Amino acid sequence: MRIIKLESAEKKDFISYWSNIYIYDKEDVYTNNINTPLNEQKVLKLFEWKNGGEISEKKINSIEHNYLPNINKI
């Protein structure tokens, strides 16, 4: 089992650490849908990217219920 000790870190150190752990395909899906105003389509694409592929109907329902109503608050 791997134990992670939480402590304060500089932003660059945080990103450096976690970027070595997470490797995602389709970097273009991420870059085309981030750092711009979000809409329903972009949020769904980002969830698909994070999920590593197609999203199940159950997950889509959860996204639509829990995230999309708050899209303007993000």
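A polar contact is a pair of N or O atoms within 3.5 Å, where one must be able to donate a hydrogen and the other to accept it. In this predicted model, such a contact of 2.5 Å joins the side chains of K42 and T36. The protein comprises 4 helices and 0 strands, and 14% of its 74 residues count as buried.

**Overall form**

- From the N terminus on, the elements follow the order α-α-α-α.
- The radius of gyration of the protein is 15 Å, whereas a compact globule of 74 residues would have a value near 11 Å.
- The C-alpha trace spans about 35 × 30 × 25 Å along its principal axes.
- Of the contacts between residues at least 6 apart in sequence, 29% join residues at least 24 apart.

- K42 is located in helix α3.
- Although K42 is buried, this residue has no salt bridge.
- The nearest side chain of opposite charge belongs to E40, which is 14 Å away; a salt bridge would require a side-chain nitrogen of Lys or Arg within 4 Å of a carboxyl oxygen of Asp or Glu.
- When neighbours within four places in sequence are left aside, K42 is in contact with N33, T36 and P37.

**Aromatic pairs**

- The structure contains 4 aromatic pairs.
- F47 and Y67 form an aromatic pair that is tilted, with 5.0 Å centre to centre and 55 degrees between the planes.
- Because F47 lies in helix α3 (residues 40-51) and Y67 in the segment after α4 (57-66), this pair ties together parts that are 20 residues apart in sequence.
- F47 is partly exposed, with a relative accessible area of 27%, and Y67 is likewise partly exposed, with 42%.
- Ring pairs also link F14, Y17 and W18 into a cluster.

Conventions: Residues numbered from 1 in each chain as written. Predicted model: local features only at pLDDT ≥ 70, side-chain atom pairs only at ≥ 80, totals over all residues. Heavy atoms only, no water. Phe/Tyr/Trp six-rings, centres within 6.5 Å; stacked < 30°, edge-to-face > 60°. Helix = DSSP H or I, 4+ residues; strand = E, 2+ residues; numbered from the N terminus. Buried < 20%, exposed > 50% of the residue type's maximum accessible area, 1.4 Å probe, protein only. Lys, Arg positive; Asp, Glu negative; His and termini not counted. Contact = heavy atoms within 4.5 Å. Rg over C-alpha atoms; globule rule 2.2 N^0.38 Å.
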